[in-house]
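Tutor: Please study the structure shown below.

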Amino acid sequence: MRILVTGRDGQIARCLADLAVNGREIVCLGRPELDLTDRASIDAAIAKVRPDVVVNPAAYTAVDKAESESEAAFAVNAGGAENVASAAAAAAIPIVHISTDYVFSGDKDAPYAETDETGPTGVYGASKLEGERRVLAANPRAVVLRTAWVFSPYGNNFLKTMLRVGKDRDVLTVVADQHGTPTYGPDIAAGILAVCEHAVADPEGAWPGVYHMVAEGETTWAGFAEAIFERSRARGGPSAAVEPITTADYPTPARRPPNSRLDTSKFQATFRHSLPSWRSGIDRCLAVLDGSV
Ligand SMILES: NC(=O)C1=CN([C@@H]2O[C@H](COP(=O)(O)OP(=O)(O)OC[C@H]3O[C@@H](n4cnc5c(N)ncnc54)[C@H](OP(=O)(O)O)[C@@H]3O)[C@@H](O)[C@H]2O)C=CC1
Ligand SMILES: Cc1cn([C@H]2C[C@H](O)[C@@H](COP(=O)(O)OP(=O)(O)O[C@H]3O[C@@H](C)C(=O)[C@@H](O)[C@H]3O)O2)c(=O)[nH]c1=O
Ligand SMILES: [Mg+2]
């Protein structure tokens, strides 16, 4: 199987690249060669690589900055996603598009199902939601995978921020009233691969649609931070005490959903695949970062 992945240095793109083993070809292309906002560059990449599936994790992911750069966020997350989906459709290739828990308002008191109403609280979430709609409209064989709170050894993420700040500080204040599920990048990559294999094995199956794919379990950002420092301390790495605060105590340009827990039962039933717990991901991530694996 050959997979074309958009973006080269993104967390999920790099986790996917790590799965290029056993004759599996994973070609990650980013700017300037492949630019989501340049349809011709996507057509050219597809013509050159001739993939069985296109995976689109590339996105504008700066949640706070998006509030003041709405046009740039929509150009990539909506227009760019549509470009990738329609270029794949023109070549009769399925697309796996990555989306986010931030399409929800967070007002619900239980995990969100795919059938629940969306209601993004910020520009990033709104641009990703518009991207989902355009991808589903542009390609009849599209899977939209909503994941959340991604952490990995690569790029920028909350776990790496905690380790960096934890080095110099004894106490960190972290919001304890936003609930969700941290999800380890390599586990996301394995889930994406399961979808790609399913799509290629059963091209006319009933799999197209939206799915929630996150790790097992749930926590808050403060709970995540505590778990990171507990495991880091146990390995002799940086650690700090976590002081739980409220969202009101930590003002940011973008409002985040207070609850963005996602119900993954549809994903598990369709693709016969489930993701390990977020806690197990922390240990595996720290092991990569401290060079012990
Ligand atoms: N990070 C998270 O916590 C979560 C992410 N998601 C979604 O998962 C996906 C992957 O996230 P993640 O790996 O963390 O993202 P990153 O921010 O790590 O990487 C995004 C990548 O997209 C690339 N990119 C941006 N604009 C363009 C463009 N116009 N053309 C080509 N490439 C472009 C960037 O390239 P460059 O280096 O050139 O800027 C970068 O490599 C995204 O769709 C995101 O919305 C969903 C839930 C949580
Ligand atoms: C660094 C830091 C953050 N926070 C808060 C701010 C915010 O409410 C929450 C998370 O902060 P971040 O800015 O790291 O996370 P954020 O950029 O909101 O992460 C999101 O990224 C996008 C791309 C997604 O799709 C989402 O699933 C989600 O992962 O933690 C603290 O309370 N204390 C801190 O020291
Ligand atoms: Mg951030």
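Tutor: Helices here are DSSP runs of H or I with at least four residues, strands are runs of E with at least two, and both are numbered from the N terminus. The model is a predicted one. With those labels, Arg272 is placed in the loop between α8 (265-271) and α9 (278-289).

Student: Which phi does Arg50 have, and where does Arg50 lie?

Tutor: The phi of Arg50 is positive, about 50°, although Arg50 is not a glycine. Arg50 lies in the loop between α2 and β3. With 11 other C-beta atoms within 10 Å, Arg50 is exposed.

Student: What makes the peptide bond from Arg31 to Pro32 cis?

Tutor: Its omega is near 0°. Most peptide bonds are trans. Pro32 belongs to the loop between β2 and α2 (39-49).

Student: Why is α4 called largely enclosed by the rest of the structure?

Tutor: A residue is buried if 20 or more other C-beta atoms lie within 10 Å of its own. Twelve of the 16 residues of α4 are buried, so the helix is largely enclosed. Among them are Val123, Tyr124, Gly131, Arg134 and Ala138. The buried residues of α4 pack against α3, β4, β5 (142-147) and β10 (209-212).

Student: How do you know whether Leu129 is buried or exposed?

Tutor: Leu129, a residue of helix α4, has 21 other C-beta atoms within 10 Å and is therefore buried. Leaving aside its neighbours within four places in sequence, Leu129 is in contact with Val103, Thr118 and Pro120. To be in contact, two residues must have C-beta atoms within 7 Å.

Student: What makes β1 and β2 a pair of strands?

Tutor: Two strands pair if DSSP finds at least two bridges between them. β1 and strand β2 (residues 25-29) have five bridges and pair in the parallel sense. Arg2 stands opposite Glu25 in β2, and Val5 stands opposite Cys28 in β2.

Student: How many bridges join β1 to β3?

Tutor: There are three bridges between β1 and strand β3 (residues 53-56), and the strands run parallel. Ile3 stands opposite Val53 in β3.

Student: Why is strand β1 called mostly covered?

Tutor: Four of the five residues of β1 (residues 2-6) are buried.

Student: Which handedness has the unit made by β1, α1 and β2?

Tutor: These three elements form a right-handed β-α-β unit.

Student: Which residues come nearest to ligand 1?

Tutor: Of the 27 residues around ligand 1, the nearest are Gly10, Gln11, Ala58, Ala59 and Val150. The elements giving two or more residues to this shell are α1 (11-17), α3 (70-90) and β4 (95-100). The shell around ligand 1 contains twelve nonpolar, eleven polar and four charged residues.

Student: Which element gives the largest share of the shell around ligand 2?

Tutor: The 19 residues surrounding ligand 2 have Val63, Thr100, Val174, Val175 and Trp221 as the closest. Two or more residues come from each of α5 (158-168) and β7 (171-175). The largest share, four residues, is that of β7. The shell around ligand 2 divides into eleven nonpolar, six polar and two charged residues.

Methods: Residues are numbered from 1 along each chain as its sequence is written. Chains are lettered from A and ligands numbered from 1 in the order in which they are written. This is a predicted model: local features need pLDDT of at least 70, side-chain atom pairs count only at pLDDT 80 or more; totals for chains, interfaces and linings use all residues. A residue is near a molecule or strand if its C-beta atom, placed from the backbone, lies within 6 Å of it. Ala, Val, Leu, Ile, Met, Phe, Trp, Tyr, Cys and Pro count as nonpolar, Asp, Glu, Lys and Arg as charged, and the others, Gly among them, as polar. A crossover is right-handed if, with the strands pointing away from the viewer, the path from the first strand over the helix to the second runs clockwise.
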